[in-house]
Amino acid sequence: MAESESVDKEIRSVVSSCEAYFEKVQLRKNLPKSLQETLNSAFAGIPVSSFPQVPGGKVIEIPAETSVSEAVKILSDSKILSAPVINTDHESSLDWRDRYLGIIDYSSIILWVLESAELAAIALSATSATAAGVGAGAVGALGVAALGVTGPVAVAGLAAAAVGAAVAGGVAADRGIGKDAPTAADNLGKDFYQVILQEEPFKSTTVRTILKSFRWAPFLPVSTESSMLSVLLLLSKYRLRNVPVIKTGEPDIKNYITQSAVVHGLEGCKGRDWFDHISALPISDLGLPFMSPNEVISIDSDELILEAFKRMRDNSIGGLPVVEGPNKKIVGNISMRDIRYLLLQPEVFSNFRQLTVRTFATKIATKGEEYGLAVPALTCRPDSTLGSVINSLASKSVHRVYVGAGDENELYGVITLRDVISCFVSEPPNYFENCLGFSVKEMLNR
């Protein structure tokens, strides 16, 4: 009961935060009411089925029993950052609530891997008695308890305990069990990378195992008969990065609409009166950026890349501006898209605990050709037009543009895909309950 109340409290907090932010956006963007109503009416008249299909015309789906290592390969080979997860226990169900468990993305996998790495380090620095307990196969409550792991991290703890067993007889024997956790993790180096994705139990740890504990976003689909207004509100008000499209009575997802795809669509509306009017406005006239400078989460170039990831995780955001000096001069950008190199390049992963943001950015800028080069920080000025911001987001396929002020390009704010979409829509009263047939809270609780 206590756990249920805690989850419910967290859900209320998330929903309340989203609603408060969206309300602030609506108050600040200051569009004439008649124009906003016209836009809502227009978007409500556009069926979701008319939105362009995903590249290739087929949504990539990952079965729940897929191993984490195979999921990484699928995402990488498909050049995508996330995918819906099929519940293999109800694979033939026509009800999406039974068929799909959620969405897995690099954020979830990286979080699991890095937390497992930290816990494996604890395992290696434990006493020989604890190591022996782990080696004896105590990968259940005993193994987790021995490592002091509780709460949501327990899932990763199970895996970490088994890694302790796997390396205790080999890698750890050479390095020494009694070392402190950081030293143990550092000395594992590439050997640990081999263990984390290619050896047991990581090799057989499934997407199902980590999905719920490390889920970044809920699975909130719309039907092919829904309107684009529903999609725009889900992507903006509730911070969803993607919205699956389903057809009632059919099992497969028909489309997968992302924030990025919507902003690309808006970019294609040049020449239409409503778009040209709004896009010609300076961002300041629309209340952008919606966050004050001290609300923007950033990372200093001398800080560790691991800290950058933790900061993104703790604040549920996908990227950070890299800054230098007391005035926070913008010198770069680190996003979840970049941090996937920690998984895909063993030589980078092997010393992630010492890697600074500056060094990491240099490495992926010179060695990331196989996976696509990192995109530098894109900036605009406080007097830039919304249209120029949309063009930057769409042409570079990025998720955020930083607002720089003064001669030193000091961090003044950030404009995200979500913010841009929010400029074009507002929510009619009781919209989701009336149009989708369920409340967002209900789906966040799944």
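**View 1. Phe43, Trp274, Phe275 and Phe424 come together as one aromatic cluster.** Welcome to this predicted model, where local features need pLDDT of at least 70, side-chain atom pairs count only at pLDDT 80 or more, and totals for chains, interfaces and linings use all residues. Residues are numbered from 1 along each chain as its sequence is written, and side-chain values use heavy atoms, leaving out hydrogens and water. Rings of Phe, Tyr and Trp (its six-membered ring) pair if their centres lie within 6.5 Å; planes under 30 degrees apart are stacked, over 60 edge-to-face, and the rest tilted. By this rule there are five aromatic pairs.

**View 2. Tyr21 meets Phe290 edge-to-face.** Their ring centres are 6.5 Å apart and their planes stand at 85°. Tyr21 belongs to helix α1 (residues 2–29) and Phe290 to the loop between α14 (273–279) and β7 (299–300), so the pair ties together parts 269 residues apart in sequence. Helices (H or I, at least four residues) and strands (E, at least two) are DSSP runs, numbered from the N terminus. At 0% relative accessibility, Phe290 counts as buried; buried means under 20% relative accessible area, exposed over 50%, and partly exposed in between (1.4 Å probe, protein chains only).

**View 3. Phe43 and Trp274 form an edge-to-face aromatic pair.** Here the centres are 5.9 Å apart, with 85° between the planes. Phe43 sits in helix α2 and Trp274 in helix α14, so this pair links parts 231 residues apart in sequence. Phe43 is buried, with a relative accessible area of 8%, whereas Trp274 is partly exposed at 23% relative accessibility.
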